[in-house]
Amino acid sequence: MIEFEGVVKDFPGGVRAVDALDLTVEKGEISVLIGPSGCGKTTSMRLVNRLIPLTSGRITVDGRDNLEFAPEELRRKIGYAIQQIGLFPHMTVGQNVAVVPRLLGWEEQRVRQRVDGLLELVGLDPDVQRDVYPRQLSGGQQQRVGVARALGADPPIMLMDEPFGAVDPITRAVLQDEFLQIQATIAKTVLFVTHDIDEAIKMGDRIAVMRTGRLVQYATPDELLAQPVDDFVRAFVGGDRHLKRLGLVRVRDVMAEPDERTPELDGEAVLEHTSVRDALSVLVGRGFDATPVVDAQGRLCGVITLNGLRAAVRRAARERASEERASEERAAEGEA
Amino acid sequence: MPVNRVAVLGSLIAGLSLFFLPLVELKPNRLASGIPFFLLQFEGDVRYLALFVLALLPLVVALRRADVVRGALLAGLGNALLFLTLYLPAVAGEVLLADAAAWLGEGVRLSNPRLLPSAGLALGLFGAYTVLYGGLRDLVVAGAPRSLRVAAAWGGLLLVVLAALSGRFDVYSVVVEFQARGQQLAQRTVEHVMFVAVALSIGLVLGVGLGLWAHRDRRASPVILYLVGIIQTVPSLALFGVLLVPLARLGDQLATSVALALVASLALAAAALALYRTIGQRLRGAARQVVLLLVTVSAAVPVALFTVVVASFSFRVSLLAFTSAAPALANLRSAMLVALIAAVGLQLAVRRQRVDTARRSLARAAWVGWGALAVTLVVALVTASQLFLARVESAATLTVRDLGVSGIGPAPAVIALTLYSLLPLVRNTYAGLTNVDPAVIDSGRGMGMSAPQRFMQIELPLALPVIMAGVRNASVALVGIAAIATVIGAGGLGDFILGGIINTSIDQILLGAIPAVLLAVLLDAVLRATEQLLVSPGIRVSGEAAPS
C-alpha cells in the first residue's frame, strides 16, 4: 500500500509541481496517475522512492514513512520501470534482471533461478535470451525485460512510468494484456504513470487525474467515465466516454441465452470475452440488431442484441453502484 | 566496382618510381654522400628486370572481374613486389659494395660502406603495399576464407623479416647502423617505452580524475577543459625548458621538508574547504570566489608537487626494473614474460572456445595469468625501488634529487609528457561520461544503486570505449613527443634522431625513427586488444554481437 498525505513538492524557482496530494494505492491494485504534460504525475511517482526529495507532507509505503529508510534501501524494495526502459546496454539480459537481487546480496544460485523464472514469466526464453545483449532484442522484448527487471527481487510495490511507451500500438496492447495477466497472479501494488487515457482505463483499478499538481478526481475507470467531476476531466476522458465504458464490459456478462433463431444469424460471430464496445462495432457494421456469441472453442454460447446491450449495461452499472455502496457501508461499520 | 583502381594506382606508383627514380645510393661511410643507382644500372643480370614485370602485371590483373582469384593474384603480386623491391637491390648492392672503391673513386675514406635506400625503393614499397591492399580488399569483398586473408596480408612481410634475420639485408645502411649500435638501441627503446608507460599511467589517473570532476561539476568543467587545452598549445620544447629551473630547485630540497610542506599545504586546503563549507554559502560574489580560489590553489599545489615526485621516481624505478642486471630483477623479468605469454595465450584460447563451461574456466585462468603478471610487476617495482634507494645513507639527508627529481634528464621529460597526455584523457573521459544515456543512470538510481555503484557498474563501463580512444590518442602522441626529450638529456629514441640531424646522417635518423613508428603502431594494437577485452560486447561498435 502506498499513501500520500498532504504531499507538496516545490522545485527551485518557486514552481509547485505537486500540491497537497492525498492518494492511497490499495494493496494489490494498479492505480494510474494521468494528466497532461507537466501536471506532476511523474514527479509524484518519483517522490515515492525518493528519487526527488519531498518538500512537505508524508508518503508511507506499507505503513512506514519512506523517510525511515535509507534511499538506496528503499529503492531496492520498490520495483522501478521507466519509459525509455533504461536497460543497461553493456549487461546481458540476465545481468540486467539480476541487478537488484545482486545489490541485495542474493546467492548466485538463487539469482540464476530467479532470472530464469522471471524471463519465463514475461514470455522470454531464458536459454535463448538470457545471455544476449539488449540491442539484440526487439523493442517489445526490451520492454518485457524492463518489466522482468523491475520484478527482480519480488518487490511488493512497483512504480511504472509509461513502461510500454516506446513501442508500436499493437505491441503495446499485447504487453498490456500480458502484464494484466501477470498481475492477476502476483498482485503487486502498482503506481502507474501514463498520459494515454485508453491505457489508464485498461490498466487501472483506479485512476487519479491530475492537473497542475492537484488531484482532480480519483475513481474507478467506470466511475470516472460515468461521472467526471468537472469539465476538465470530461474533456480529458474524451467525448466517447460512454463508448469507452462499454469497453470495460465483456460480452459474456451481457449476452442473452441463444434461442432457436440464433443459428440462422449468419456472418461474423463475436467471442465471449470480447469487449462490448467491439461487439457494438460489429453490430453497427453488420446493420443487424443481433449477432451470435461463441466461446474460445467456437461453440455457440449466446446472442447479443442492441436493445439487450443497452439494458444490460444500465443494469451492470446499477449493480456496481449498489455493490460499492454496500462495501462502503461495511467499511463504515467496521470503522465504527 | 569492375576495375580494381587501388591496384592500378599501386602498380603505376611502383612501376614509374622503380623506372625513373634511383633505388639506392652507394655511400662510403656514415657521413659522406654517395652515388645514386637506378635499376637499369644494375648490370649483368636480367633478374632485376623481374621487378618491372611484377610492378606492371597488376595493371592486367586489375581488369579481371572481381573475385577471389583476382584478389589472390593481386595479393600475391603485391607480396612478391614488396619482398623483391627490398631483396633484389640488396643482391645487386653486394656486387656494388665489393667494388665500392672503384665506384667511389680515389681519396674517399671507406668505413663500413653501405647502401642508402632512395626514393625509388621507398615509393616502390609503397606501390607494392598499395597493390597488396587492393588485393586484400578483393578478398574481403569476395568473402575469402580467413586463412587465405591472413596469409595474403602477412606473407610478404614474413619473407622480409626472414631475409633480414638471415643477413640478406646487411648491405642497407639502417642495418649497418643497427649492427654498430644494437646494444644502445635496446637501451634507448626501453627508455622510450618507459617514458610513454609512466607518463600514460600517471596521466590516466589524473586525466580520468579531472574528467570525472569536470563531468560532475558544471561550473568547474569549462575551467578544467580550458586549462588542459592550454597545456596542449605550449610547444614541447618550451615546456621542457620551463620545467628546468623549478625542478632543479626542488631537487635540492630535503625530502623531509618537502613532505612537511605537502602536509602543511594540504592542511591549509582542508581548513579553507571547511571554512567555505561553513560560511562560504552565505558569502556573495567576489568574496566567495576568493575563498574558492584559495581552496583550489592550496589543494592543487600539493597534488602537483606529489605528482612531480611520483612521476620522476616511478620513471627511475621502472627503468631500473626493466634494465638492471641484478639477478633478482632478471628473474622477475623472466617471470613477467612467462605470465604475459600465458595470459595472452589463454585469452586467445577463450576467443576460440565455443563450449560455455570450458570457456568460463579458460577465462578464469586467463585472469589468473593477468593477475600473476600484475603481481610480478609490482614485486619488480618494489625490488627496483629498494635497489634505487640503497645508495641513500639516511632518511635525514635524503634530498628530492635522490628520488629522481632533477632539472635536466628524465624527470622534466616524464612530467611534460604526463601534462601532454591530459588533454585527450580529460576530454574523452568528460565526453564519455557526459554521453551516457540519462535514462540508464536514472534506472540505476531507481533500482537502488549507490553513487559509487552507479559509477563502477554503469557510467564507467559505458564511457570506457571513449576513454580508451583517448588513451590510444595520448599514447601515440606521446611516442612522438618523447622523441624530443633528448634535448634535455633524457635519452630515448630521440637520441639517434637528434644525433642523426646534427651529423646529417639519415641512417642514424632512421635508426631512431623506425623503432618509434613501430612502437606507436604496436602500442595502438595492444591498446585495441585491451579495449576488446574490457569493453562489453553489448556496446562494442564493431562487435560480433550484431542485432538479430
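Which residues form one aromatic cluster with Phe179(A)? The exercises below work up to this and other points.

The model is predicted, so local features need pLDDT of at least 70 and side-chain atom pairs count only at pLDDT 80 or more, while totals for chains, interfaces and linings use all residues. Residues are numbered from 1 along each chain as its sequence is written, chains are lettered from A and ligands numbered from 1 in the order in which they are written, and side-chain values use heavy atoms, with hydrogens and water left out.

**Exercise 1. Describe the aromatic cluster and one of its pairs.**

Step 1. The cluster consists of Phe164(A), Phe179(A) and Phe192(A).

Step 2. Rings of Phe, Tyr and Trp (its six-membered ring) pair if their centres lie within 6.5 Å; planes under 30 degrees apart count as stacked, over 60 as edge-to-face and the rest as tilted. Over all chains, the structure holds nine aromatic pairs.

Step 3. Phe164(A) and Phe192(A) are a tilted pair, at 6.3 Å centre to centre with 50° between the planes.

Step 4. Phe164(A) is in the loop between β7 (157–161) and α8 (169–186) of chain A and Phe192(A) is in strand β8 (residues 189–194) of chain A, so the pair ties together parts that are 28 residues apart in sequence.

Step 5. Phe164(A) and Phe192(A) are both buried, where buried means under 20% relative accessible area, exposed over 50% and partly exposed in between (1.4 Å probe, protein chains only).

**Exercise 2. Classify the pair of Phe195(B) and Phe315(B).**

Step 1. The ring centres of Phe195(B) and Phe315(B) are 4.7 Å apart and the planes are at 10°, so the pair is stacked.

Step 2. Phe195(B) belongs to helix α7 (residues 173–216) of chain B and Phe315(B) to helix α11 (residues 285–323) of chain B, so the pair ties together parts that are 120 residues apart in sequence.

Step 3. Phe195(B) has a relative accessible area of 0% and is buried. Phe315(B), at 2% relative accessibility, counts as buried.

**Exercise 3. Describe the interface of chain A and chain B.**

Step 1. In chain A, 25 residues are in contact with 26 residues of chain B.

Step 2. The two chains bury about 2200 Å² between them, 58% of it on carbon and sulfur atoms. Buried area is the accessible area (1.4 Å probe) that two parts lose on being put together, summed over both.

Step 3. The rule finds one salt bridge across the interface, with a side-chain nitrogen of Lys or Arg within 4 Å of a carboxyl oxygen of Asp or Glu as the criterion. Arg46(A) and Asp442(B) meet in a salt bridge of 2.9 Å, N to O.

Step 4. On the side of chain A that touches chain B, α2 (71–76), β6 (78–82) and α4 (99–103) of chain A each supply at least two residues.

Notes. Contact = heavy atoms within 4.5 Å. Helix = DSSP H or I, 4+ residues; strand = E, 2+ residues; numbered from the N terminus.
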